[in-house]
Amino acid sequence: MKLLRPAACALGFFVVATALYTIVTAGLGNLLFPREAGGSLIVEGGKIRGSALLGQGFSRPDRFHGRPSAVDYDAAASGASNLGPTSATLSLQIEERWRALVAENGETIAGGRPSELLLASGSGLDPHLSPQAALYQVPRVAKALRLGPDGERDLAALVASMTEGRTFGLLGEARVNVLELNLELGRRYGD
């Protein structure tokens with residue numbers, strides 16, 4: 001009985017403290033970063049087209065494709081495959097993905113294989129590609145859209161214009177958001 005009162009006080013303190021912490025951090029997040037706190041949703045014509053923070057599967061030949069997903073683009077199952085560099089399963093997956101890429105896009109690329117088109121990201125939901133991986137797909141997309149001789153140059157310029165630099169000028173690498181790139185394609189060339 002002697003320990004019941006201090007235990008109840010400690011429980012009450014921690015319940016209030018954690019509730020206040022949650023309310024304050026959620027409030028500050030919504031105040032300072034309203035777009036991100038709301039899921040960074042991209043809305044067009046009143047319709048949610050996706051989130052700028054979550055990768056989606058694109059398979060149409062007239063659209064850019066993102067990274068493979070270890071979780072089939074299911075945010076509830078976010079996570080990596082846990083396959084290491086010596087895994088025979090991972091080696092087979094990479095070779096299968098490479099054969100599919102070559103069949104769809106052709107083999108020529110300066111600098112070798114576009115690794116992010118062969119390997120899933122740690123979350124399985126990475127929404128970005130390097131500019132090089134997006135440029136690798138330009139000939140296929142231009143051909144599928146029937147853009148003519150200048151189409152590849154126009155698409156390469158579009159990729160360049162939609163390339164985001166390093167965060168704060170020093171974190172990460174240059175990247176292209178695949179969903180935003182495909183939405184811009186839809187606006188320019190029709191869905």
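The legends below describe close-up views of a predicted model.

**View 1. Overall fold of the chain.** The predicted chain contains six helices and five strands. Along the sequence these elements follow the pattern α-α-β-β-α-β-α-α-β-β-α. The radius of gyration is 22 Å, well over the 16 Å that the globule rule gives for 191 residues, so the chain is more spread out than a compact globule. Taken along the principal axes, the C-alpha atoms fill a box of roughly 85 × 45 × 30 Å. Of the 191 residues, 30% are buried. The accessible surface is about 12,000 Å², and carbon and sulfur atoms account for 61% of this area. Among contacts between residues at least 6 apart in sequence, 59% link residues at least 24 apart.

**View 2. The largest nonpolar core.** This core has 22 residues, of which Phe64, Leu155, Val159 and Leu185 touch the most other members. Helices H3, H4, H5 and H6 each contribute at least two residues to the core. H4 gives the largest share, with seven residues. Val159 is one of the residues that touch the most other core members. Leaving aside residues up to four places away in sequence, Val159 is in contact with Phe64, Pro131, Ala134, Leu135, Val138, Val176 and Leu181.

View 3. Helix H5 spans residues 151-161, and its buried residues are Gly151, Leu155, Leu158 and Val159. These four lie on the same side of H5, because they cover an arc of only 100° around the axis. An α-helix has 3.6 residues a turn, so residues three or four places apart point the same way. The face of H5 turned away from the buried side carries the exposed residues Arg153, Ala160 and Ser161. The packing partners of the buried residues are helix H4 (131-145), strand E4 (163-164), strand E5 (175-177) and helix H6 (178-189).

**View 4. Arg63, a buried arginine in a loop.** Arg63 belongs to the loop between strand E2 (47-51) and helix H3 (88-105). Its relative accessibility is 4%, so Arg63 counts as buried, the cut-off being under 20%. With residues up to four places away in sequence left out, Arg63 touches Gln137, Arg140, Val141, Leu145, Asn182, Leu185, Gly186, Gly190 and Asp191. One of these contacts, Leu185, is also among the residues that touch the most other members of the largest nonpolar core.

View 5. At 36% relative accessibility, Leu54 counts as partly exposed. Leu54 and Leu125 are 71 residues apart in sequence, yet their C-alpha atoms are 5.3 Å apart in space. Not counting residues up to four places away in sequence, Leu54 touches Ala75, Leu125 and Pro127.

**View 6. The hairpin of E1 and E2.** Strand E1 (residues 41-44) runs antiparallel to E2, and four bridges join the two strands. Leu41 has Ser51 of E2 as its bridge partner. Two residues lie between the strands of this hairpin, where Gly45 takes a positive phi near 60°.

**View 7. The open sheet of E3, E5 and E4.** Three strands form this sheet in the order E3-E5-E4, with antiparallel pairing. Strand E3 (128-129) and E4 are at the edges and have a single partner strand each, so one side of each is left without a neighbour in the sheet. Two bridges join E3 and E5 in the antiparallel sense. His128 is bridged to Asn177 in E5.

View 8. Most residues other than glycine have a negative phi. Ser40 is not a glycine, but its phi is positive, at about 50°. Ser40 lies in the loop between helix H2 (34-37) and E1, and its relative accessibility of 1% makes it count as buried. Asp72, also a residue other than glycine, has a positive phi near 55°. Asp72 is located in the loop between E2 and H3. With a relative accessible area of 64%, Asp72 is exposed.

Terms used:
Residues numbered from 1 in each chain as written. Predicted model: local features only at pLDDT ≥ 70, side-chain atom pairs only at ≥ 80, totals over all residues. Heavy atoms only, no water. Buried < 20%, exposed > 50% of the residue type's maximum accessible area, 1.4 Å probe, protein only. Contact = heavy atoms within 4.5 Å. Arc of directions from axis to C-beta. Pairing = 2+ DSSP bridges. Core = buried A, V, L, I, M, F, W, Y, C linked by side-chain atoms within 4.5 Å. Rg over C-alpha atoms; globule rule 2.2 N^0.38 Å. Areas by Shrake-Rupley, 256 points an atom, 1.4 Å probe, with all protein chains shown as cover.
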